[in-house]
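Colleague: I am new to this one. Please pick a single part and take me through it closely, with every cut-off spelled out.

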Amino acid sequence: MSVHDDLTSMQRSLDDLSRSVARLEQQMGSGGLEVRRVRTDADHLRESVALLRAAAAPDTPGRPDLVPIPDTPYDGSLWTDSDDEGLGARDRRAP
């Protein structure tokens, strides 16, 4: 199964859960702490699945493109005037 299929299956299951919780609320009343806690947990699951669906969407705008980093060594001339972290410049003593 693809990610989209799995998310759709999860969404259907959450819809069934929400219907069951609604029926339970009608039978037991919505005033009890346990029923409210189950309703809140079901709502949090629904929000989490929505976030997963948004993250799995193809071509999501705002995601940066990956920049390939070559395996070849960098040119040594890039570092000629740089300071060694914590040691200072190459031609001076460390403090």
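## A close look at one helix

Modeller: Take α1. What covers the buried residues of α1 includes α2, residues 33–56. This is a predicted model: local features need pLDDT of at least 70, side-chain atom pairs count only at pLDDT 80 or more, and totals for chains, interfaces and linings use all residues. Residues are numbered from 1 along each chain as its sequence is written, and side-chain values use heavy atoms, with hydrogens and water left out.

Start with the setting. The protein chain has two helices and zero strands. Helices (H or I, at least four residues) and strands (E, at least two) are DSSP runs, numbered from the N terminus. Of the chain's 95 residues, 9% count as buried. Buried means under 20% relative accessible area, exposed means over 50%, and partly exposed lies in between, with a 1.4 Å probe and protein chains only. The accessible surface comes to about 8,400 Å², and 56% of that surface belongs to carbon and sulfur atoms. Such areas come from the Shrake-Rupley method with a 1.4 Å probe; for residues, only the protein chains shown count as cover. Among contacts with a separation of 6 or more, residues 24 or more positions apart account for 50%. A contact means heavy atoms within 4.5 Å.

Now the helix itself. α1 runs over residues 3–28, which is 26 residues. From first C-alpha to last, α1 reaches 37 Å, close to the 38 Å expected at 1.5 Å a residue. That expected span is 1.5 Å times one less than the number of residues. Just after α1, Gly 29 takes a positive phi of about 90°.

Which residues of α1 are buried? They are Leu 7, Leu 14, Ser 18, Val 21 and Glu 25. An α-helix has 3.6 residues a turn, so residues three or four places apart point the same way.

α2 has 24 residues and reaches 34 Å, close to the 34 Å expected. Its buried residues are Val 35, Ala 42 and Val 49. What covers them includes α1.

Stop at Ser 18. This serine sits in helix α1. Ser 18 is buried, because its relative accessible area is 15%. Leaving out residues up to four places away in sequence, Ser 18 touches Arg 39 and Arg 46. The side chains of Ser 18 and Arg 46 are joined by a polar contact of 2.7 Å. A polar contact is a pair of N or O atoms within 3.5 Å; within protein, one must be able to donate a hydrogen and the other to accept it, and residues adjacent in sequence count only if both atoms are side-chain atoms.

Next come the charges. Side chains of opposite charge can pair when their charged atoms come close. The structure holds three salt bridges. A salt bridge is a side-chain nitrogen of Lys or Arg within 4 Å of a carboxyl oxygen of Asp or Glu.

Arg 46 returns here. Asp 15 forms a salt bridge with Arg 46, with the closest N and O atoms 3.1 Å apart. Asp 15 lies in helix α1 and Arg 46 in helix α2, so this pair ties together parts that are 31 residues apart in sequence. Asp 15 is partly exposed at 27% relative accessible area. Arg 46 also counts as partly exposed, at 27%.

Glu 25 forms a salt bridge with Arg 39, and the closest N and O atoms are 3.3 Å apart. Glu 25 lies in helix α1 and Arg 39 in helix α2, so the pair ties together parts 14 residues apart in sequence.

Another bridge stays within the helix. Asp 16 pairs with Arg 19 in a salt bridge, the closest N and O atoms being 2.2 Å apart. The two are three residues apart in helix α1, so about one helical turn separates them. Asp 16 is partly exposed, with a relative accessible area of 41%. Arg 19 is partly exposed at 45%.
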